[in-house]
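Thanks for coming. Please have a look at it first.

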Amino acid sequence: MAVVRKISSLDHQTLSQMLRKEDVQQQLVALHSLSPEWRRLVFLAAALTPLRSLSVEGGKKPLPLIEHVIRVALKGTIKDVQEVSVLLDCSEELRQVAASLPAHREDVELKLRAAKCLRRGGEQWRLALVLAAGELSETLSMEDLHALEREMMNSWALDKCWEIKPLLTGNDICQILGLDKKNKEDGIRIGTISREVLDWQLSQLKPMEAKKEDCQEWVKTKFASS
């Protein structure tokens with residue numbers, strides 16, 4: 001009998017085992033190496049995948065069928081609904097990014113799209129990739145998913161990008177550009193620039209190593225005259 005190590009996160013080796021469609025035994029070993037909660041979550045999301053585009057009548061507006069099934073039929077929690085929804089959304093996004101990768105490998109916008117997906121999924125993003133493997137098509141192969149994982153972790157250096165905090169605070173932006181956050185228009189502008197600062201960080205060659213000084217210069221160049 002195989003001795004399985006229990007893990008709270010899904011590492012590269014375990015993910016590779018899960019994506020080996022031709023080796024069911026390795027898939028089962030990999031799945032059982034997940035924590036019980038993660039295993040429950042990925043099975044629940046997989047079972048509900050066919051329902052993700054459907055809704056039911058519920059009060060003032062239609063209710064996603066997935067939410068109805070989890071809350072009413074399965075007596076699940078709001079947290080279950082939120083986590084399953086995030087996994088399914090990230091799975092679809094990763095499928096699209098993987099399909100686009102061969103023709104747009106150097107596209108910064110594609111990297112940013114992947115980074116935002118990983119930030120939304122957090123440590124569970126690899127579960128979303130496992131779900132994506134269940135929806136292969138003529139335009140998406142298992143190798144495409146392996147290639148995407150390698151690109152995100154190696155070339156794009158996006159590992160743990162969900163832990164990144166903006167290099168500049170609202171006060172930093174005010175000082176650089178001479179803005180007043182008490183002013184309504186300036187306040188809106190600060191919010192917009194803050195989001196673009198995070199996008200700039202995620203777009204860097206090594207996002208986790210982006211420098212505050214470089215970011216300050218970028219903000220001055222891009223926004224000082226606008």
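Which residues of helix 9 (residues 170-177) are buried? They are D172, I173, C174 and L177. Buried here means under 20% relative accessible area, exposed means over 50%, and partly exposed is in between, with a 1.4 Å probe and protein chains only. Helices are DSSP runs of H or I with at least four residues, strands are runs of E with at least two, and both are numbered from the N terminus.

Before going on, the ground rules. This is a predicted model, in which local features need pLDDT of at least 70 and side-chain atom pairs count only at pLDDT 80 or more, while totals for chains, interfaces and linings use all residues. Residues are numbered from 1 along each chain as its sequence is written, and side-chain values use heavy atoms, with hydrogens and water left out.

Now the chain as a whole. The protein chain has eleven helices and two strands. From the N terminus, the order is α-α-α-β-β-α-α-α-α-α-α-α-α. There are 226 residues, and 42% of them count as buried. Contact means heavy atoms within 4.5 Å. Among contacts with a separation of 6 or more, 65% are between residues 24 or more positions apart.

Back to helix 9. What do its buried residues pack against? The partners are helix 10 (184-203) and helix 11 (212-223). After helix 9 comes G178, with a positive phi near 65°.

Helix 11 gives the view from the other end. Its buried residues are C215, V219 and F223. They sit on the same side of helix 11, because they cover an arc of only 40° around the axis; the arc is that of the directions from the helix axis to the C-beta atoms. E213 and T221, on the other side, are exposed. Helix 9 and helix 10 are included in what covers the buried residues of helix 11.

Next, helix 6 (108-121). With 14 residues, helix 6 reaches 20 Å from its first C-alpha to its last, close to the 20 Å expected at 1.5 Å a residue. The expected span is 1.5 Å times one less than the number of residues. The buried residues of helix 6 include K111, A114, A115 and L118. Their cover includes helix 5, helix 7, helix 8 and helix 10.

L158 lies between helix 8 (142-155) and helix 9. Is L158 buried or exposed? L158 counts as buried, because its relative accessibility is 0%. Leaving aside neighbours within four places in sequence, L158 is in contact with K111, A114, A115, L118, M152, M153, L202 and P207. L158 and K206 are 48 residues apart in sequence, yet 7.6 Å apart in space, C-alpha to C-alpha.

With neighbours within four places left aside, its contacts are W38, L41, E83 and L87.

The axes of helix 4 (residues 65-73) and helix 5 (residues 78-100) come within 9 Å and cross at roughly 145°. Axes are lines fitted to C-alpha atoms, for helices over the stretch in contact, and angles run from 0 to 180 degrees between N-to-C directions. I66, E67, I70 and R71 of helix 4 meet I78, D80, V81, V84 and L88 of helix 5.
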